[in-house]
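Please keep the sequence and the model at hand while working through them.

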Amino acid sequence: GIAMEYGCVAGMLACTVAGAAPSLPHGDEVVRLVLARKKRKLALSKEKEERDALDAEATRNLDLRGGDSTDDNTNNNDRDDVESFRFASRINSMKDRRDLVDASAHPAEAADDILGWIARQGRVRGLTHVDLNYPQHLDGLGKDGPRQIREALDAAGLRCGAVCLRYPKKFRGGAMTHPDAAMREEATQITVDAGRLAKQLDADELVVWSAYCGYDYSLQADHDAMWGRVVASFRTVCAAHPDLRVSLEYKPTDENTRYFAVPSTGAALLLCEEVGAPNMGLTLDVGHCLAAGENPAQSVAAAARRGRLFGVQLNDGHGKISDEDGLMFGSVRPHAALELIVWLRRCGYAGHFYFDTFPRNEDPVRECEYNIRRVKALWKKAAALETLLEKKWETQDALGVLEALEGMERGDGPGPQ
C-alpha cells in the first residue's frame, strides 16, 4: 500500500514536467508531497468530525418529522390513534362563502380579516392548528400583531402549526433568486423575520414558498447562478434559526413563474443536501407533485428516506397541465390518496396535516371537516392493509392489491390473498 502511494505520487509529479525529456522526480520531492497529502487528509477528517458532531447535536434538538427513521419508536407509539392527529387548513378559505357566516350566533366571525377567519376555523370539528402567511396575515395589525393573533388562536382553541412565506409583489422579479443582490438580501431578511414570528407563536416550522423564484423563457436565466443564490439564502435562514425547522415547499410551475428554480422533489432534496443544514427539509404539496408529473406517495417515500419530510399539504386535482385544482383530499384520485397515507404511516409521519384546498363554492367549514374525516378513514384503511400490501409488493401484484380493495369495499375484508 505504501509503495503504491509513493509510486502514484511520483507519477503525479512526473506529469507536471513539460517536454519529452525524462522527468522522474527526486525522492525528497515525493516524500514532501506524500507528507503534505497526509496532513491535508487529517485536517479534512478532523473538520468532517467536527461538522458531523455539530449536525448531530442540532438534529437531537429538532423533532424531525416523518423521515427520521433512526428510532422506530420515535413517531410510531400511537401512530394509529387518529383522534390524536393534528390538522390545519388554508385560513384564506374562510374569506369565501361569507353568506354562511352567522354573526349574531358567532360575533367573533363578523370581521372579514385574519382574526375573524381564525374564529371561523375554530368551529371546524377536529381542527387543531392554523398555518399563517407572512407578512400577509400581519397586514393592518400593527406592532402588536403577534399578540392579537395569539389571543385569537387561544379564543378559538387552536395553535399555530407553521408560518408560511408569501413574498410581496415587489419581488415578482424573484425573491431569493432576484438578480439584484439588495433585493435578494431583503427577501432573505423577510424569511428570517418570518422565522422569528414562527418561534413567537410556538409554530412547528417555517414553510418557504415563493411565487416568483424562477424564470419564464429559454435563455433568460443563468441556472447555475440562480441555484447558488437559493442555496446561499437558505443557508442564511437555517443558520439564523437552528432551532426551527425550515421547510421548502417546491412547485414546478405557476402563473407568476413558468419554471421554478426548484421544480421537483428530486431537485428539492438536492437543494437540502447542498444547503447542508440539519433543520432544512421539505413540505410536499399533493397538487404540486401532480403538476410535476410525480406520484405524491413516491415523493413522500423519497423525502422520508433522507430524513427531510417535514410537512405535507393535502388536496386533489384532475392533473391538467399547469392546473392546481385544490380539490378535497381523495375526491379525484382515491387510490393515490390511499397510497399517500400508506406511505405517511409507513415512514412514521408525525407532523400536522395541512389541507391546501380552495372551497370557493362549498362551505369551507364543512369542507375542512370532510378532509379531516377522509384522512382518518384512509389511515385506518392503510393500517388494515399493511400486512397484505407488504406481501403483494414482493411481486408487485397490482391485481392482488385491487382485489383486496374490492373486498374491503364489499365490507367483507381484503379480497383474495
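1. A residue is called buried when its relative accessible area is under 20%, exposed when that area is over 50%, and partly exposed in between, with a 1.4 Å probe and protein chains only. Of the 417 residues of the protein, 48% count as buried. The model is a predicted one, in which local features need pLDDT of at least 70 and side-chain atom pairs count only at pLDDT 80 or more, while totals for chains, interfaces and linings use all residues. Residues are numbered from 1 along each chain as its sequence is written, and side-chain values use heavy atoms, with hydrogens and water left out.

2. The secondary structure consists of 12 helices and 10 strands. These elements are DSSP runs numbered from the N terminus, a helix being H or I with at least four residues and a strand being E with at least two. Among contacts in the protein with a separation of 6 or more, 74% come from residues 24 or more positions apart; a contact means heavy atoms within 4.5 Å.

3. Helix 5 (residues 181-200) and helix 6 (residues 223-240) have axes that come within 10 Å and cross at roughly 30°. Axes here are lines fitted to C-alpha atoms, for helices over the stretch in contact, and angles run from 0 to 180 degrees between N-to-C directions. Angles under 35 degrees count as roughly parallel, over 145 as roughly antiparallel, 65 to 115 as roughly perpendicular, and the rest as oblique. Helix 5 and helix 6 are therefore roughly parallel to each other.

4. Which residues make the contact of helix 5 with helix 6? Helix 5 contributes R184, T188, T191, V192 and K199, and helix 6 contributes R229, S233, T236, V237 and A240. By class, this contact of helix 5 with helix 6 has three nonpolar, four polar and three charged residues. In this classification Ala, Val, Leu, Ile, Met, Phe, Trp, Tyr, Cys and Pro are nonpolar, Asp, Glu, Lys and Arg are charged, and the others, Gly among them, are polar.

5. Helix 9 (residues 296-305) and helix 10 (residues 334-346) pack at an angle of about 15°, with their axes 8 Å apart. That angle makes helix 9 roughly parallel to helix 10. The crossing of helix 9 and helix 10 is right-handed. Here P296, A297, V300 and A301 of helix 9 meet E339, L340, W343 and L344 of helix 10. The residues of this contact divide into seven nonpolar, no polar and one charged.

6. In helix 7 (residues 265-275), the residues T265, A267, A268, L269, L271, C272 and V275 are buried. Against which elements do the buried residues of helix 7 pack? Their partners are helix 6, strand 6 (245-248), strand 8 (280-285), helix 8 (286-291) and helix 9. Just after helix 7, G276 takes a positive phi of about 75°.

7. Side chains of opposite charge can pair when their charged atoms come close. The structure holds 21 salt bridges, each a side-chain nitrogen of Lys or Arg within 4 Å of a carboxyl oxygen of Asp or Glu. One of them joins E386 and R79, whose closest N and O atoms are 3.0 Å apart. This pair links distant parts of the chain, with E386 in helix 11 and R79 in the loop between helix 2 (27-60) and strand 1 (87-90), 307 residues apart. E386 counts as partly exposed because its relative accessibility is 27%.

8. Another salt bridge joins R150 and D202, with the closest N and O atoms 3.5 Å apart. R150 lies in helix 4 (residues 145-156) and D202 in the loop between helix 5 and strand 4 (205-208), 52 residues apart. R150 is partly exposed, with a relative accessible area of 30%, and D202 is also partly exposed, at 44% relative accessibility.

9. R366 is located in helix 11 (residues 364-393). Is R366 buried or exposed? R366 is exposed because its relative accessible area is 59%. R366 and R123 are 243 residues apart in sequence and 9.7 Å apart in space, C-alpha to C-alpha.

Definitions and conventions: Left-handed = near helix turned anticlockwise from the far one by under 90°.
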